[in-house]
Amino acid sequence: MNKSVCIDVQDLSVKRGKSLVLDQLSFHLEAGKIIGLLGPSGSGKSTLLRSIVGNQIITSGSVTVLGQSAGSKSLRRKVGYMTQAASVYDDLTVRQNITYFANILGLSTDEVNRVIQGTDLAEQASRLVIDLSGGQRNRVSLAIALLGNPEIVILDEPTVGLDPVLRADLWDLFARLASTGICLVVSSHVMDEAMRCDQILLLREGKILAQLSPFELMQRTGATDPEGAFLNLIDSGTTDPQSDAPSAPVSVPRHRAAVEESK
Amino acid sequence: MMRRTLATAGRVLNQVRHDPRTIALMLVVPSLLIGLIAWIFTDTPAFQRIGPSMIALFPFVVMFLVTSIATLRERRSGTLERLLSLPLAKGEFIFGYALAFTLIAIVQTLIATSFAIWVCGLEISGSFWLLFAVAALDALLGISLGLMASAFARTEFQVVQFMPALVIPQFLLAGIILPRDQLPSVLESIGDWLPLSHAIDALSDVAAGTTDSATGISMLVIVAWIAVALLVGSLTLRRRTA
């Protein structure tokens, strides 16, 4: 395992009630790239992200973040997490929200100003969150996740419900963040967004369908758009005789090898 | 420790500040109800007996409601999950809330007590400081029980139902409607263990100027209930959830 591995997941399973939400996932992620976690609603994306943050009770397996077990006390300053619902206080202003979380982290007003600028919220800073649009609310939540320059940033569907211009702006921001060498994981159920990532982790029904680059995705499936590529992968996955085996899909290491080759 | 507790208390107070209607209701309604009771009992000596109970009741009931709903909102909005993924201790979260709401409760008690004394003619023979200490304890009791209740509710509808379930029986058995020593013996002994009974006993003692060791024991019983409820409440704040 090389040194730039920031998240290492081994045989991760999560059961909720009787249903298996995540089924023996194994993969590792490298820093300095935008990693897209893609899959339809209900595929287990949020559960996987919560497992990485350490908020999820896991049934078996291990999640190692920056060499430590996920959820370790020392990781709480190093992991920025934006939940799927914008976890902000409606009855506070943008600045009051961000300042509160900055105080919890022991950060200065400069840092509050920095993330407000970085998420383009300067004009809304003194407005109550309840009066903001959905996209602006999401950006407040994102700003909080970016406080203190965390080494790992986990964003759960940050672009959902945004207009195309804002969406493009956010992806540009993600690219800038990733280029600083942090480990950025972004989930989405919009397949088109896969093309903005450096690497894609495709999740379906709690299993990893593939881990590959957007280029490889298109090349392997021969599809003309990401949506079609995903459907092709599902088709080939269900006809795969190994697919109902209890272990992780055997195809994963092959994709990993493919990633190594492409370097 | 202090910084994050104070930041949390400040944040909660900021939230309340943006909601002037809630502030008005919290500060004015207790006085209006005390005034109504005083009016009902105009020609009887009963207000002198019931008035202090009312001063004990309001911080408890109002803080129970406000805390249970506020913490339920934290759980449901995802802000609690976010906070617990940060370096915030559960105790800092709880004491932040307790500090903010106790401050509000003290202002509320100040207004309600002033109204009861100067407008309704209630006589307080004991120490004002002790009166505020007991009222603040009552508020803390409401806060801690509210925190606990929020853990067992999934919706706002449910959490509001905890108020009749947990608060009204305590009110009925506290001796306001019928003195506790005249209740059937089973109910009397249940009433003797409930925290609101002791809150009302202690406040009545202070009002009548008859504070003694029993008053101290009552305050200790309240403190014990607060400690247990906070412990149970903090156990329900989990960093990892299913």
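Predicted model: local features only at pLDDT ≥ 70, side-chain atom pairs only at ≥ 80, totals over all residues.
In which sense, left-handed or right-handed, does H9(B) cross H10(B)? The crossing of H9(B) past H10(B) is left-handed.

Two packed helices are described by the angle between their axes and the distance between the axes. The table gives these values for two pairs.

| Helix pair | Angle between axes | Distance between axes |
|---|---|---|
| H9(B), residues 195–208, and H10(B), residues 213–235 | about 145 degrees | 9 Å |
| H3(B), residues 46–77, and H6(B), residues 128–151 | roughly 30 degrees | within 7 Å |

In the pair of H9(B) and H10(B), the residues that H9(B) brings to the contact are B:Pro195, B:His198, B:Ala199, B:Asp201, B:Ala202 and B:Asp205. They meet B:Thr215, B:Ser218, B:Met219, B:Val221, B:Ile222 and B:Trp225 of H10(B). Sorted by class, the residues of this contact are seven nonpolar, three polar and two charged.

H3(B) and H6(B) cross in the right-handed sense. The contact of H3(B) with H6(B) comprises 18 nonpolar, six polar and two charged residues.

## Chain A as a whole

Chain A contains eight helices and 10 strands. Of its 263 residues, 46% count as buried. How far apart in sequence are the residues that touch one another? Among the contacts in chain A between residues at least 6 apart in sequence, 68% join residues at least 24 apart.

## An open sheet of four strands

One sheet of chain A is open and has four strands in the order S2-S1-S4-S5, with antiparallel pairing. Strand S2 (19–30) and strand S5 (68–69) of chain A each have a single partner strand, so one side of each is left without a neighbour in the sheet. S5(A) is paired with strand S4 (residues 60–65) of chain A over two bridges, in the antiparallel sense. Within this pairing, A:Val65 has A:Gln68 of S5(A) as its bridge partner.

## Strand S9 and its partners

Which strands pair with S9(A), and in which sense? Strand S3 (residues 34–38) of chain A pairs with S9(A) in the parallel sense over four bridges. Here A:Leu38 lies opposite A:Leu202 of S9(A). Strand S10 (residues 207–212) of chain A runs antiparallel to S9(A), and five bridges join the two. In this second pairing, A:Leu201 is placed opposite A:Gln211 of S10(A).

S9(A) and S10(A) form a hairpin with two residues between the strands, and A:Glu205 in this hairpin has a positive phi near 50 degrees. S9(A) itself, which spans residues 199–204, is mostly covered, since five of its six residues are buried.

## Where the two chains meet

The contact between the chains takes 25 residues from chain A and 22 residues from chain B. On the side of chain A that touches chain B, the elements that give two or more residues are strand S6 (79–82) and helix H2 (94–105) of chain A. H2(A) provides the largest share of that side, with five residues. The composition of the side of chain A is 12 nonpolar, nine polar and four charged residues.

Definitions and conventions
Residues numbered from 1 in each chain as written. Chains lettered and ligands numbered in written order. Buried ≥ 20, exposed ≤ 12 C-beta atoms within 10 Å, placed from the backbone. Contact = placed C-beta atoms within 7 Å. Nonpolar A, V, L, I, M, F, W, Y, C, P; charged D, E, K, R; others polar. Pairing = 2+ DSSP bridges. Axes fitted to C-alpha atoms, helices over the stretch in contact; angles between N-to-C directions. Left-handed = near helix turned anticlockwise from the far one by under 90°.
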